[in-house]
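Colleague: Could you take one part of this model and go through how it packs, piece by piece? I'd like the cut-offs along the way.

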Amino acid sequence: MKLLWAVSALLLCCWRADASTAPNIITDPVEVINQTTAILSCNLTESSLPIKGSQWLHNGKVIESSKSTDSAPFTVLRLDKITYSSSGQYECVFLTEPEVKQTIEVKTLPHVAAYKHSEHGNEKDKGVMVCVSHGYPLPTDWTWFKEEDGASTPIINGTSDKYEIKSTPNKTILTINDLSIENDIGDYMCSGTNELGTASDKIHLRVRSRLAALWPFLGIVAEVIILVTIIFIYEKRRKPDEVNDDDDSGSAPLKSNSNANHKDKNVRQRNSN
Amino acid sequence: MSPAAATNLGYTPPDGGWGWAVVFASFISIGFSYAFPKSLTIYFKEIQEYFSVSYSQIAWVSSVMLASMYAGGPVSSILVNRYGSRPVVMVGGVMVSAAMVLASFGTTIVHLYLCIGVIGGLGLAFNLQPALTIIGTYFQVKRPLANGLAMAGSPVLLFTLAPLNQFLFDSFGWRGSFLILGSIVLNCCVAGSLMRPVNKHAPKTAPSKCNGAATEEAAAAEASAPSDNLLTEENQKESKGQSCVQRFIDPTLFRHRGFLIYLIGNVVMFFGFFAPVVFLAPYAKHLGIDEYSAAFLLSIFALVDMFVRPATGLIGNTKWIRPRIQYFFSFAVSYNGVCHLLCPLASGYWGLVAYAVFFGVAFGMVCALLFEVLMDLVGAHRFSSAVGLVTIIECAPVLLGPPMSGALVDIFGEYKYLYYACGVLMLVPGIFFFIMNYYNYKKLDEEQRQREAVDMRTCEEAVQLKMSQDDKTAHETDG
């Protein structure tokens, strides 16, 4: 009995000792929600371990300019302009044995952007529209709307074969099957929602007629046929002339062409006279 | 003129007149052959997404097309030997056009391999060989210039096709673009129709062989007649022996000294020839230059290339260079090698711009002279067989060069080893060409001197024969 008391008292002391010497980082603020600037600070308390330095990580990557060899138990990171690219998980790390770190989450509204703002599709073929999102946290919900006469009608996945929506947190793809020129041309809106709010972007869909490319094709083929015909006709017309020239120059073995032939003859006649 | 096998054509090439129309036609044919496969890469990203295939699978389309184009060389040569340039180019144009039209209806990636890759590549081969061959039949004195102008078709058409393809893609999508490209390529048929077979009945204006034999024209004509007969007999014997083989392809080329030198040097050279072009933009991006400036480097390179090719042709035509044009080619190849070896020293964007300019000059010089020196070595008669054999043997280095260089970059993680390797792969053939061509020229000069000595002897014998006959008839009339 006494032994049991002694052991439990020892364990309690050890636990309390652990608790009292466990390093604790106090972060300020705990979370950044939808702010344009912020100053993140970490305060290391209740630690007797030597501090060799500190640094900050953004989404797992070290921020080079935040590296410091200062042994102060206090470190600060300024974020001057918070956009979707600077949102994410920030960790302050104190270089002790072992390292201690704490995370501060910087959250912003989602940033939704369309791959291409103008998409083309062929009639009766399929049209694909893609929206991507960056930032933290990524949207949990994606919705697509078709804008008709000023009103946005939501497109619901699975109601018909025509529309298919595939979504992942950072990308959403809307596929429209069997495009028709009358019904499917127009603006489509993709909207992504996360815990802070919603953002959206617009894509304009154009449907090409199947025969759109046929006219230039026929035009150029016609041009080629005309040119080839002209060239061959020109050649056939010249050929009889060339054959005559050949006979003329063939008859005077050492002269190269009929003109020179006549010239030389004239010269000879003048000389003989 | 070089003492190489140049003057046994049997007729005088026009060196002008309709020849310039033929140069224009070759310009178009050669341009399509080289620029078309490269310009198709603009569609690859879209097609890759449409068929849901990987990047390497879509890159195969380009490789199959290039392989077909080079492997189809001998087939093309055989057809040109048999039927002449014009029908082959027209058939080639129709083939590529049909290939593109079929490809526009394709439903799987294998369709594209077969249509664009195999049929299209073969059609382009039918365009390339005849275009090169016909220049040799129309030009002799101005041949380097004609070759330079015709080879300039490649950069000019690439420059035109690249933005045109982008425009077509934006307006019509890839299927519509393939259809329209099929009709654009049909213009090769127009080029083919311009390639009128050369008029071989124009009389020889070559000076008679026995220059100092007699003063009167008649005597000279008669004195040269026996020696001419001797020559034509020799020609007939040669042509009989060659006609059976030349109907197909000329394997005796493998015993031709100049051809072997050219072949060996080229095979080594092509390993390192195209890789720097392929990796110029990635190297620039690796150094931290943005995408548009990196693409602009390629435009500078193409622009310089465009002007250097005809200029090289012009220089190659001058009376100082033409007789020793092989040395000019060796210099161009070595200069390429030196350029690549010095490239890693270029730092920053302006360093790379300077490299692009020098490389453009080097590349243009080699391309302009590439087929001219082959024509110079083997003569216009055997050129079509020669070029067919050369392209099929070059197929391997051309296809393996860029992937091997890519592997170098992957292994070392740095581009400078790629440039050192390419530099060495071009400098070594350059020096090889210099040495072997010096030896070749010496041998050819010796053979020329021997031939001239033989000619002089036969002329003298013929003149003596004539004079003794005249004496006999004079004695008979007197007596």
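Modeller: Of the 479 residues in chain B, 52% are buried (under 20% relative accessible area; exposed is over 50%, partly exposed lies in between, with a 1.4 Å probe and protein chains only). Keep in mind that this is a predicted model, where local features need pLDDT of at least 70, side-chain atom pairs count only at pLDDT 80 or more, totals for chains, interfaces and linings use all residues, and side-chain values use heavy atoms, leaving out hydrogens and water. For bookkeeping, residues are numbered from 1 along each chain as its sequence is written, while chains are lettered from A and ligands numbered from 1 in the order in which they are written.

Chain B has 16 helices and zero strands; these are DSSP runs numbered from the N terminus (helices are H or I with at least four residues, strands are E with at least two). Take its contacts with a separation of 6 or more: 87% of them link residues 24 or more positions apart, a contact being heavy atoms within 4.5 Å.

Now the helix pairs. α1 (residues 18-39) and α8 (residues 153-185) of chain B have axes that come within 8 Å and cross at roughly 60°. The axes are lines fitted to C-alpha atoms, for helices over the stretch in contact, with angles from 0 to 180 degrees between N-to-C directions. That angle makes α1(B) oblique to α8(B); the classes are under 35 degrees for roughly parallel, over 145 for roughly antiparallel, 65 to 115 for roughly perpendicular, and oblique for the rest. On the α1(B) side the contact includes B:F27, B:F32 and B:F36, and on the α8(B) side B:L157, B:L161 and B:I184 are among the residues. By class, this contact has 13 nonpolar, five polar and one charged. Here Ala, Val, Leu, Ile, Met, Phe, Trp, Tyr, Cys and Pro are nonpolar, Asp, Glu, Lys and Arg are charged, and the others, Gly among them, are polar.

B:F36 shows up again in the largest nonpolar core: of its 133 residues, B:F36 and B:F178 touch the most other members. Such a core is a set of buried Ala, Val, Leu, Ile, Met, Phe, Trp, Tyr and Cys residues joined through side-chain atoms within 4.5 Å. Helix α15 (residues 348-412) of chain B supplies the largest share of this core, 26 residues. Leaving aside residues up to four places away in sequence, B:F178 touches B:L40, B:Y43, B:I47, B:M100, B:A103, B:S104, B:L112 and B:I116.

B:I47 also belongs to the contact between α2(B) and α3(B), together with B:F44 and B:Q48 on the α2(B) side and, on the α3(B) side, residues including B:Y55 and B:I58. Those helices, α2 (residues 44-51) and α3 (residues 55-71) of chain B, pack at about 125° with axes 10 Å apart. So α2(B) is oblique to α3(B), and α2(B) passes α3(B) in a right-handed crossing. In the loop between α2 and α3 of chain B sits B:S52, which has a positive phi of about 55° although it is not a glycine. B:S52 is exposed, at 64% relative accessible area. B:D15, in the segment before α1 of chain B, has a positive phi of about 55° too, again without being a glycine. B:D15 is buried, though, at 14%. Most residues other than glycine have a negative phi.

One more pair: the axes of α6 (residues 109-138) and α7 (residues 143-151) of chain B come within 9 Å and cross at roughly 155°, so α6(B) and α7(B) are roughly antiparallel. Their crossing is right-handed, and B:L132, B:I135 and B:G136 make the α6(B) side of the contact. Also in α6 of chain B is B:I119, partly exposed at 31% relative accessible area. Its C-alpha atom is 7.9 Å from that of B:S68, 51 residues apart along the chain.

Last stop, α9 (residues 187-194) of chain B: eight of its eight residues are buried, so the helix is largely enclosed by the rest of the structure. B:C188, B:C189 and B:L194 are among those buried residues.

Note on methods
Left-handed = near helix turned anticlockwise from the far one by under 90°.
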